[in-house]
Amino acid sequence: MYARIAGVGSFLPGQPVSNEDLVRRGVDTNDDWIITRTGIRARHLADEGCTSSYLGYEAAKRALDSADVEAADLDLIIVATSTPDFIFPSTACLIQEKLGNRGAMAFDIQAVCSGFVYALGVADKFIRSGSHRKALVIGAEVFSRILDWEDRATCVLFGDGAGAVVLEASERPGILATAAHADGSYNRILSVPGSVCGGKVIGDPFLRMDGQAVFKFAVKVLSEVATECCAIAEIASSKIDWLIPHQANIRIIESTAKKLGLVMDKVVVTVEKHGNTSAASIPLALDAAIQDGRLQRGQKIMLEGVGGGFTWGAVLAEY
Ligand code: UT7
């Protein structure tokens, strides 16, 4: 029994916001720096009041349509997000209500930019065990809410959006291998080190990052975890049709592809249009490759992410 990708959908809020738009909004930056260092040309930013549950719901509807699955038939809903609507209830329960599903198991996963591959791995285990048959896995973020717009080293990097996948129990191949890891000793290099206590924000409610440390860590573990997944599935990395990595920085993506021996023609890149949308970036890129006709049924895809925690993981699947 496999967990097969039955449908994919995604959703981006509003119009693209270009690097020049950020300059016009008062950020002390320039188009050339952002493009050269990151590959980012634009991102989408949610209006005030637009939540992760709204973005996730819009992506979920599209994924359900493409899978031809009714929301009522889902028995598992997992949302990967670091920007939940509330402390509780989970964003998964809020999306469940919007979809009109009752009774499915629903919960959030917090693994920052690795959240979507963590969630796919968890859903895969539930389906393969036989306990669940139809899972909705969503990555949804409004990272713009946790950005310090005075910190030009971070605020230009991120964007908002959501992507979703419907997984179904199937005898036809789907997810072939998963791997996920964490090393909490790196928690300080990327964090939002604040909390709410007694009605006040304690600590710092904004994203803080040691960019160079994150860069080095990401390049190392992304190639390692993809190689680990290939070994589990006994597939050479040269057999991957599409590498769909977390979209943080074009230089991280290029160097990962090189280490895996993959030419950039086999890599799905959306970072230039979306920026880094954390847990949403992988399903957004997956959907982009389906929508433009590059990704075909039967092809092998490697999804992989790395993020705060530090966490990292990969999913090798036949689409
Ligand atoms: O999902 C995982 C999360 N994050 C990542 O994957 C990010 C990983 N890290 C990176 O992508 C890169 O480290 C960055 C893109 C964040 C930064 O690139 P860098 O080459 O490491 O630059 P830097 O931080 O060393 O900064 C170089 C210079 C500094 O100026 P000085 O001190 O050399 O004069 C910064 O002040 O660039 C300056 N700078 C900027 N200039 C214009 C930093 N941010 C900006 C900016 N616009 N937005």
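User: What volume does the largest pocket have, and which residues sit closest to its centre?
Analyst: Keep in mind that this is a predicted model. The largest pocket comes out at about 720 Å³. Its lining has 26 residues, and the ones closest to the centre are S82, P84, I146, V192 and G194.

User: Which element gives the largest share of the lining of the largest pocket?
Analyst: Two elements give two or more residues to that lining, namely β9 (190–191) and β10 (194–197). The largest share is three residues, and the element behind it is β10.

User: How do the residues lining the largest pocket divide by type?
Analyst: Domain 1 (2–171) and domain 2 (176–318) each supply at least three residues to this lining. By type, the lining residues split into 13 nonpolar, eleven polar and two charged.

User: Where does the second largest pocket lie relative to the domains?
Analyst: This pocket has a volume of about 590 Å³. Among the elements that give two or more residues to its lining are α2 (31–38) and α8 (250–259). Domain 1 (2–171) and domain 2 (176–318) both contribute lining residues, so the pocket lies between them.

User: Which element gives the largest share of the lining of the second largest pocket?
Analyst: There are 26 lining residues, with L157, M209, G211, F215 and N249 nearest the centre. Six residues make up the largest share, and they come from α7.

User: Is K98 buried, partly exposed or exposed?
Analyst: K98 sits in helix α4 (residues 91–99). Leaving out residues up to four places away in sequence, K98 touches S53, Y54 and Y57. Its relative accessibility is 38%, so K98 counts as partly exposed.

Notes:
Residues numbered from 1 in each chain as written. Predicted model: local features only at pLDDT ≥ 70, side-chain atom pairs only at ≥ 80, totals over all residues. Heavy atoms only, no water. Helix = DSSP H or I, 4+ residues; strand = E, 2+ residues; numbered from the N terminus. Buried < 20%, exposed > 50% of the residue type's maximum accessible area, 1.4 Å probe, protein only. Contact = heavy atoms within 4.5 Å. 1 Å grid on protein atoms, 1.4 Å probe; cavity = no way out; pocket = protein on both sides within 12 Å on 5 of 7 lines; lining within 4 Å. Points joined across faces, edges and corners; volume = space filled by probe spheres on them. Nonpolar A, V, L, I, M, F, W, Y, C, P; charged D, E, K, R; others polar. Domains from an automatic or database assignment.
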